[in-house]
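Please look over the sequence and the 3D structure shown below before reading on. The report after them is meant to be read slowly, with the structure in view.

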Amino acid sequence: MCRRLICLVSLAFVLGSVWMSPAEAAEPGLLGWWKLDGDGLDASGNGRNGALSGNGHFEPGHSGQALALDGDGDFFTVTGWKGLLSTSPVTVTAWVKTTADGTMVYWGRNAGTRWVDFRVSGGRLRVEHGSGNIQGNTALNDGQWHHVALAMRAAAQISYPQVKLYLDGRDDTQNTSDPDAFNLVDNAANVDLTFGYRVPN
């Protein structure tokens, strides 16, 4: 049971704005797939392996093992990969179990306000970028396994339907409008893709 923990059992980055599971994704569009079944290997074939820091550990998960993180100095980093820039549509999917708020995956720049933080906040899905955010409607901090997804169009504004949040296969996005656009750039200050921890700005 994950009391404070966010447990990730699998996380995938798919190039494309249509929500899908990694098994359904066309192989060229699968940029990273971390099964987290006792290791940090990238199952996409792209060699984007990750490593644990702090006291993160593996424990029984939804299927096989899962990565357990409490956000208090423990995280998983894909060293050398900065995630995706705003010029590409992207879908991020994960199995997650939590009773607490916290970051699932974070990427972008570690200075200023250009980053993406896909998280659980107030018990619901939320994605933040710059001064904007979009949120889900339904609480998922019930200690049960849920399948979650973030789907973003290329050069999307942080508004619906350019950005969608999915919970257990259904669109759970609040219908909001925000003129802030995802403006991630290729910058030396970009942080490596990180699970379970928001890198301080």
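The following sections go from the whole chain to single residues.

## The model and its confidence

This is a predicted model, in which local features need a pLDDT of at least 70 and side-chain atom pairs count only at pLDDT 80 or more, while totals for chains, interfaces and linings use all residues. Residues are numbered from 1 along each chain as its sequence is written, and side-chain values use heavy atoms, with hydrogens and water left out.

The predictor's confidence in each residue, called pLDDT, runs from 0 to 100; its average for the protein chain is 83, and 84% of the residues score at least 70. In the protein chain, confidence is lowest in strand E1 (residues 6–15), with a mean of 84, and highest in E14, with 96. Over residues 17–26 the pLDDT stays under 50, and for this stretch the model has 21 contacts beyond four places in sequence, where a contact means heavy atoms within 4.5 Å.

## The chain as a whole

The protein chain has 0 helices and 15 strands, where helices (H or I, at least four residues) and strands (E, at least two) are DSSP runs numbered from the N terminus. Of the contacts in the protein chain with a separation of 6 or more, 61% are between residues 24 or more positions apart.

Buried residues make up 51% of the 201 residues in the protein chain; buried means under 20% relative accessible area, exposed means over 50%, and partly exposed lies in between (1.4 Å probe, protein chains only). The accessible surface of the protein chain comes to about 8500 Å², and 46% of this surface belongs to carbon and sulfur atoms. Accessible areas come from the Shrake-Rupley method with a 1.4 Å probe, and for residues only the protein chains shown count as cover.

## Aromatic pairs

A pair of aromatic rings is described by the distance of the centres and the angle of the planes. Rings of Phe, Tyr and Trp (its six-membered ring) pair if their centres lie within 6.5 Å, and planes under 30 degrees apart count as stacked, over 60 as edge-to-face and the rest as tilted. The structure holds 8 aromatic pairs. One of them joins Trp34 and Phe195, whose ring centres are 5.4 Å apart and whose planes stand at 80°, so the pair is edge-to-face. Because Trp34 lies in strand E2 (residues 30–34) and Phe195 in strand E15, this pair ties together parts that are 161 residues apart in sequence. Trp34 is buried, with a relative accessible area of 0%, and Phe195 also counts as buried, at 0%.

The rings of Tyr106 and Trp115 have their centres 6.4 Å apart and their planes at 25°, so this pair is stacked. Tyr106 is buried at 0% relative accessible area, and Trp115 counts as buried at 4%. Trp115 is placed in strand E9 (residues 115–121), and its C-alpha atom is separated by 8.3 Å from that of Asn190, 75 residues apart along the chain. Ring pairs also link Phe13, Trp34, Phe76, Trp81, Trp107 and Phe195 into a cluster.

A polar atom of the Asp172 side chain lies 2.9 Å from the backbone nitrogen of Asn137. Not counting residues up to four places away in sequence, Asp172 touches several residues, among them Gln135, Gly136 and Leu165.

Arg126 lies in strand E10 (residues 124–129) and is buried, with a relative accessible area of 18%. Leaving aside neighbours within four places in sequence, the contacts of Arg126 include Asp117, Gln135 and Leu165.

## Backbone exceptions

Most residues other than glycine have a negative phi, and most peptide bonds are trans. Leu36, however, has a positive phi of about 60° although it is not a glycine; Leu36 is placed in the loop between E2 and strand E3 (51–53) and is buried, with a relative accessible area of 0%. Ala155 also has a positive phi, near 55°, and its place is in the loop between E12 and E13. The peptide bond from Tyr160 to Pro161 is cis, with omega near 10°, and Pro161 is found in the loop between strand E12 (146–152) and strand E13 (163–167).

Key:
Polar contact = N/O pair within 3.5 Å; in protein donor to acceptor, adjacent residues only side chain to side chain.
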